[in-house]
Amino acid sequence: MEDLKLYGVWYSPFVCRVKCALQLKGLNHEYIEEDLSNKSDLLLKYNPVHKKIPILVHAGKPIVESLIILEYIDETWPDKYQLLPKDPYERSNARFWAKFLQDKESTFWSLVLVTEETKEKTVNEVIEVLRTLEEHGLGDKKFFGGDDIGFTDLAIGIGIHWMKVIEELKGVKIFETRTLLQAWIERFNEVPVVKENLPSYNELVAHYKSRWG
């Protein structure tokens, strides 16, 4: 058994990314649920800079930031399920789209603070990001990674599950015109590893409703 521990919280999309990647690789690990209102000494020890989760600890050494963790997993266990393509161009393209979404996270999360005055502008900005992802990233492919899910699918697809929650709680519509993206979301959510690790939609709605009112 690999000496792996994952520190996280059940409602984090970033933790869910790592859980899926570990399972795709067939890597056994110990999962430690954190309380972010009372962070453990180990969390603060392993991530003293940002004090955030997820944290993957491999043989006593911490790796932080979910996308960096995914790359670490892929490079450390290259003989198992491949997250990033072998081809350098395809690999750089996968990283590009993951980085694109990461750079746009503030646009998505701005929906949480949306008001009646800012709703139309914010929704249009989010829809434009989704249009770019659909037209230039996904296209007519089954998954961003081709025939099977990979690095980019985990980077984008997991977060979209949470965006659906925000969509419901804030009473906005951001996915209805993106038919290719919606079809991809449905395929992604039916992948066994994803299906097993995604938190319950209803539980996420209840959790964030209690936080945001």
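**Close-up views of helix packing and selected loop residues**

View 1. Glu65 counts as partly exposed, at 29% relative accessibility (buried is under 20% relative accessible area, exposed over 50% and partly exposed in between, with a 1.4 Å probe and protein chains only). The model is predicted, so that local features need pLDDT of at least 70 and side-chain atom pairs count only at pLDDT 80 or more, whereas totals for chains, interfaces and linings use all residues. Residues are numbered from 1 along each chain as its sequence is written, and side-chain values use heavy atoms, with hydrogens and water left out. Glu65 lies in the loop between strand 4 (61-64) and helix 3 (helices, H or I with at least four residues, and strands, E with at least two, are DSSP runs numbered from the N terminus). The phi angle of Glu65 is near 75°, a positive value in a residue other than glycine.

**View 2. The pairing of helix 1 with helix 3.** The axes of helix 1 and helix 3 come within 9 Å and cross at roughly 10° (axes are lines fitted to C-alpha atoms, for helices over the stretch in contact, and angles run from 0 to 180 degrees between N-to-C directions). Helix 1 is therefore roughly parallel to helix 3 (under 35 degrees is roughly parallel, over 145 roughly antiparallel, 65 to 115 roughly perpendicular and the rest oblique). On the helix 1 side, Phe14, Arg17, Val18, Ala21 and Leu22 meet Ser66, Leu67, Ile69, Leu70 and Ile73 of helix 3 (contact means heavy atoms within 4.5 Å). By class, this contact of helix 1 with helix 3 holds eight nonpolar residues, one polar and one charged (Ala, Val, Leu, Ile, Met, Phe, Trp, Tyr, Cys and Pro count as nonpolar, Asp, Glu, Lys and Arg as charged, and the others, Gly among them, as polar).

View 3. Ala94, Trp97, Ala98, Phe100 and Leu101 are the buried residues of helix 4. Viewed down the axis of helix 4, its buried residues fall within an arc of 155°, so they line one face of the helix (the arc is that of the directions from the helix axis to the C-beta atoms). An α-helix has 3.6 residues a turn, so residues three or four places apart point the same way. The face turned away from the buried side of helix 4 carries the exposed residues Pro88 and Tyr89. Packing partners of the buried residues of helix 4 are helix 1 (13-24), helix 3 (66-76), helix 5 (105-109), helix 6 and helix 7 (151-170).

**View 4. Helix 4 against helix 6.** Helix 4 (residues 88-103) packs on helix 6 (residues 119-138) at an angle of about 175°, and their axes are 11 Å apart. This angle makes helix 4 roughly antiparallel to helix 6. In the contact, Trp97, Phe100 and Leu101 of helix 4 meet Val129, Thr132, Leu133, His136 and Gly137 of helix 6. The contact of helix 4 with helix 6 comprises five nonpolar and three polar residues, with no charged residues.

**View 5. The two sides of helix 10.** Helix 10 (residues 201-212) has twelve residues and reaches 16 Å from its first C-alpha to its last, close to the 16 Å expected at 1.5 Å a residue. Leu204, Val205, His207 and Tyr208 are the buried residues of helix 10.

View 6. Leu43 is found in helix 2 (residues 41-46) and is buried, with a relative accessible area of 0%. Not counting residues up to four places away in sequence, Leu43 touches Glu34, Leu36, Lys51, Lys52, Ile53 and Ile55. Leu43 and Gly8, 35 residues apart along the chain, have C-alpha atoms separated by 9.2 Å. Lys51 lies in the loop between helix 2 and strand 3; its phi is near 55°, a positive value in a residue other than glycine. Lys51 is partly exposed, at 37% relative accessibility. Pro54 is placed in the loop between helix 2 and strand 3 (55-58), and the peptide bond from Ile53 to Pro54 is cis, with omega near 5°.

**View 7. Gly157 in helix 7.** Gly157 is located in helix 7 and counts as buried, at 5% relative accessibility. Leaving aside neighbours within four places in sequence, Gly157 is in contact with Thr152, Trp184 and Phe188. Gly157 and Glu190 are 33 residues apart in sequence and 12 Å apart in space, C-alpha to C-alpha.

Technical notes: The expected span of a helix is 1.5 Å times one less than its number of residues.
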